[in-house]
Number of protein chains: 2
Amino acid sequence: MQVIETLEELARALDKERASGRQVGLVPTMGALHAGHLALVERARAECDVVVVTVFVNPLQFGPGEDLATYPRDEAGDIEAARRAGVDHVFLPPVEEMYPGPVLTSVRVSGLADGLEGASRAGHFEGVATVVAKLFAAVGRCRAYFGEKDYQQLLVVRRLAADLSFPVEVVGCETVREGDGLALSSRNARLTPEERAAAPVLYRAMQAGRSAIGAGERRSRRVAAVMAEVVGAEPLARLDYAAAVDASDLTGPAVLAGDVRLLVAARIGSTRLIDNIGTTAP
Amino acid sequence: MQVIETLEELARALDKERASGRQVGLVPTMGALHAGHLALVERARAECDVVVVTVFVNPLQFGPGEDLATYPRDEAGDIEAARRAGVDHVFLPPVEEMYPGPVLTSVRVSGLADGLEGASRAGHFEGVATVVAKLFAAVGRCRAYFGEKDYQQLLVVRRLAADLSFPVEVVGCETVREGDGLALSSRNARLTPEERAAAPVLYRAMQAGRSAIGAGERRSRRVAAVMAEVVGAEPLARLDYAAAVDASDLTGPAVLAGDVRLLVAARIGSTRLIDNIGTTAP
């Protein structure tokens, strides 16, 4: 396995792979790799000839006061995990390689990126879109694997790839969960034992939302209220948002119909967690 | 010569060229090809193995009230000119191919794109940056040739390529001029004979600015005033801006030093023309 630290070396290595007729699978991550990331790698290995994992905690997508400084990092562990998972190239650039000077160029996806996480975290998706465009530009033609755990991000990235004509097929992969429903996240490592015990409340809230729809509720506000109530009953949790929206574009119709996405964001102690599931309002 | 109408076909054709070891030269244009464009093609042919010319009048870079509808178009003539110039691929997409739906994703280069043309034409460079990012993404690794005639655009595109890590080397090429100094431009076709006779006033203004610097003037405002005065003396011309700025980043120091760019924009009758030249304040 090759560890790459520069964009030029990354681009050259993948040009070479493609010139040999190999399809490239890309798994962009912020490191602290867990079984959720490894499920993306496994899917990429199954569908592509060569897999590159990128590990970069992108400062652009953290707002002031967010957890950039404390975001979990484990470069040695990530390299080892990638090796064991059969990854071919790990791209692990220093910040100065990605942003050698002031970042004048930014990429924005309007509409899709404005609500939910975009409303809670000003500038977040512009940071995501900019770094993903940069990775797509350097990597070139590939299939790129993103987790549904960050569902809004998945839609933003898919739209970005299409709008800017990147020869990249964006593949969404199902969220990996603990036995009690908690979605795997690098941030889970920061939960105290009590917080960890409280954290599955996000999943329970979404299940309550799904049950309400299953029982015939179609008013998006009512479904959101059901979810908010579940989170509100957990003393260690503070709700950021609970929403029931159209799964294709995250718009919030008053009356749900067709594919619906239920999304929740909450702070458990000092750690902010997000989650989502899909369902159908027949 | 191959005429290509879809982004996918473009990307595939150039992947194939590169897989055969050929270096790709890209000449992005808005068509109505003239000797200025053909000089870009010639340079690309000299430095690359295969040359692609793109012809697309990009609606995103025209503001409301600008000349999108009347911008000169000559697709048959462009194809013939490209063929005669030894171009290998012409990319001539319909608008619906480039923008099949609402354009949610936009690319912005701050700072560089804010003054001069950016100040006169709101949204112009965002439109340019977005379509150029789209072309770079589809084309992939290449050398891309842009005329110095649109000097600010050249700097914006170069910065965009670097910031977003496109494997694209942006090459600036000297402006081609008529015998009387008028820079070649597709828009020249719209000048009446009287306007055409008046149009070299832009070049004369810049030469006066250069002479002032040569004679020891270092105050950027004074140099700009000298240029404005020349344009002002031409009854058919209405000045938009005249500026003497740092050639590397278009900032306007009060006192000029080193590489300087002199830029002028003016309306000749109803046609807006821009031009620029370089000089040195030793």
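Reply: Strand β9 (residues 258-268) of chain B pairs with β10(B) in the antiparallel sense over 11 bridges. Strands count as paired if DSSP finds at least two bridges between them; helices (H or I, at least four residues) and strands (E, at least two) are DSSP runs, numbered from the N terminus. Within this pairing, Gly258(B) has Ala281(B) as its bridge partner in β10(B).

The model is a predicted one, in which local features need pLDDT of at least 70 and side-chain atom pairs count only at pLDDT 80 or more, while totals for chains, interfaces and linings use all residues. Residues are numbered from 1 along each chain as its sequence is written, and chains are lettered from A and ligands numbered from 1 in the order in which they are written. The predictor assigns the complex an ipTM of 0.94 and a pTM of 0.96. For chain A the average pLDDT (the predictor's confidence in each residue, from 0 to 100) is 97, and 100% of the residues score at least 70.

The pair β9-β10 belongs to an open sheet of 3 strands in chain B, ordered β8-β9-β10, with antiparallel pairing. Because β8 (237-246) and β10 (271-281) of chain B stand at the edges with a single partner strand each, one side of each is left without a neighbour in the sheet. On average, neighbouring strands of this sheet are turned by 15° against each other, direction ignored; axes are lines fitted to C-alpha atoms, for helices over the stretch in contact, and angles run from 0 to 180 degrees between N-to-C directions. Helix α10 (residues 220-232) of chain B lies across β8 and β9 of chain B and runs at about 155° to β8(B).

In chain A, too, 3 strands form an open antiparallel sheet in the order β8-β9-β10. There, β9 (residues 258-268) and β10(A) pair over 11 bridges, and Val260(A) stands opposite Thr279(A) of β10(A). The same surface serves both copies, since 100% of the contact residues of chain B recur in chain A.

A further strand pairing joins the chains: β5 (residues 105-109) of chain A and β5(B) pair in the antiparallel sense over 5 bridges, with Val109(B) as the partner of Thr105(A). Altogether 27 residues of chain B are in contact with 27 residues of chain A, where contact requires C-beta atoms, placed from the backbone, to lie within 7 Å. On the side of chain B that touches chain A, α1 (7-19), β5 (105-109), α6 (124-139) and α7 (151-163) of chain B each supply at least two residues. The largest share of that side, 5 residues, comes from β5(B). Its residues divide into 15 nonpolar, 6 polar and 6 charged; Ala, Val, Leu, Ile, Met, Phe, Trp, Tyr, Cys and Pro count as nonpolar, Asp, Glu, Lys and Arg as charged, and the others, Gly among them, as polar.

Methods: Contact = placed C-beta atoms within 7 Å.
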